[in-house]
Amino acid sequence: MLPSNNIVLDDNVAIDYNNMHGSEPFVRNKRIGGYFEGAVSGLGDDAVTEGKYAAKGDIQLDDNGAPYQFAMSSFLINNVLEAVLGHNQLSKEASYQTIVDSGFPIDWTSTELEGALPSLCDNIGYDVPLSAKFMNRGAPRFIFNKDEMSIKFDMTLEVWDKDLSKKYLDLNLNGMFIKF
Amino acid sequence: MILNVDWESIKMDSADVETDIPLDTSLDDKVIADYFNFMFQEITPWVNEYKPKSVTTFSIPSEIPGYMNLKDLTLEVRDNYLAFGMSPKFLVYQDDHKPRVREALS
């Protein structure tokens, strides 16, 4: 699911599952079930521990659902993402031709970006086709609940020439918030 | 298997630029943020229609070679957690490398 990457995990980071206090594994309705509390250890000060991004799940298994079920709370997802992406970057390229072929609604050229970056055309010319690279800065934060599914993250959009041989600039896009 | 995710909206708080190009010194970071927030209004319908890979479309493996085939995969957002459900077939290989399939509970 991830773009090519060179993610390196800290040797101290591990995911732990412990049987939830007061809940023993059970056999019911031809199924083996159990409630376990997940946590990511070894994150130190980077651990996501507070607020809506660390909400734990009030998880209920469905006895008549799929044979194998697994559930994750915002708390666990965000801590796993912190372990994987907190100090690693994923990068994805989008060449000018790829952008055009995708039917992207914005004309990805210097003239179009001049609206955000005055004098860009004075420096690199008008109607210059551009390519792009996207990369995360830090780990994203998810929220999952019955009222909202969203992600918030910081990213850098690198603006390159058409052939991805010369980088013109970095755009740091902060507090990107996608609501699903 | 393919997982499609629709975007309802996208916006950002702020933006800034780093460059060696001598851009206009009066460059206002708010102009950049406003420009992209306006652009996002056009991008949202596009991502839902075009479904670019790794943006709104994700490939989920339907097989863990040699170990498991996955079918009837479900993904749900419930009260305050994300729930996965699936019906796996466990593949048990013997010396002749022909898989012996064992069904999961059903």
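Author: A residue is called buried if 20 or more other C-beta atoms lie within 10 Å of its own, exposed if 12 or fewer, and partly exposed in between, with C-beta atoms placed from the backbone. The model is a predicted one, in which local features need pLDDT of at least 70, side-chain atom pairs count only at pLDDT 80 or more, and totals for chains, interfaces and linings use all residues. Residues are numbered from 1 along each chain as its sequence is written, while chains are lettered from A and ligands numbered from 1 in the order in which they are written.

Helices (H or I, at least four residues) and strands (E, at least two) are DSSP runs, numbered from the N terminus. Of the 12 residues in helix 1 of chain A, 9 are buried, so the helix is largely enclosed by the rest of the structure. In chain A as a whole, buried residues account for 19% of the 180 residues.

The length of the helix can also be checked.

Chain A holds 4 helices and 9 strands, and its elements follow the order β-β-β-β-β-α-β-α-α-α-β-β-β from the N terminus. The chain is divided into domain 1 (14–85) and domain 2 (91–179), bounds that come from an automatic or database domain assignment. Between the centres of domain 1 of chain A and domain 2 of chain A, taken over C-alpha atoms, there are 34 Å. Their contact draws 8 residues from domain 1 of chain A and 8 residues from domain 2 of chain A, two residues being in contact if their C-beta atoms lie within 7 Å. Of the contacts in chain A between residues at least 6 apart in sequence, 52% join residues at least 24 apart. Along its principal axes, the C-alpha trace of chain A spans about 70 × 35 × 30 Å.

Further along chain A come paired strands (pairing requires at least two DSSP bridges). Strand 7 (residues 130–144) and strand 8 (residues 149–161) of chain A are antiparallel and share 12 bridges, one of which pairs A:Arg137 with A:Asp154 in strand 8. These two strands of chain A form a hairpin with 4 residues between them. Strand 8 of chain A is also joined to strand 9 of chain A by 10 bridges, again antiparallel, and A:Phe153 has A:Met176 in strand 9 as its bridge partner. Here the hairpin has 5 residues between its strands, and A:Leu164 in the turn has a positive phi of about 55 degrees.

Most residues other than glycine have a negative phi. A:Asp127, which is not glycine, has a positive phi near 55 degrees. This residue lies in the loop between helix 4 (120–124) and strand 7 of chain A. A:Asp127 counts as exposed because it has 10 C-beta neighbours inside 10 Å.

The contact between the chains takes 48 residues from chain A and 51 residues from chain B. On the side of chain B, the elements giving two or more residues include strand 2 (9–11), strand 6 (68–77) and strand 7 (81–93), but helix 1 of chain B gives the most, with 9 residues.

Two residues of chain B complete the picture. B:Lys51 sits in the loop between helix 1 and strand 4 of chain B and has a positive phi near 55 degrees. With 16 C-beta neighbours inside 10 Å, B:Lys51 counts as partly exposed. B:Lys71 belongs to strand 6 of chain B and is partly exposed, with 13 other C-beta atoms within 10 Å. The C-alpha atoms of B:Lys71 and B:Gly85 are 9.5 Å apart, although 14 residues separate them along the chain.
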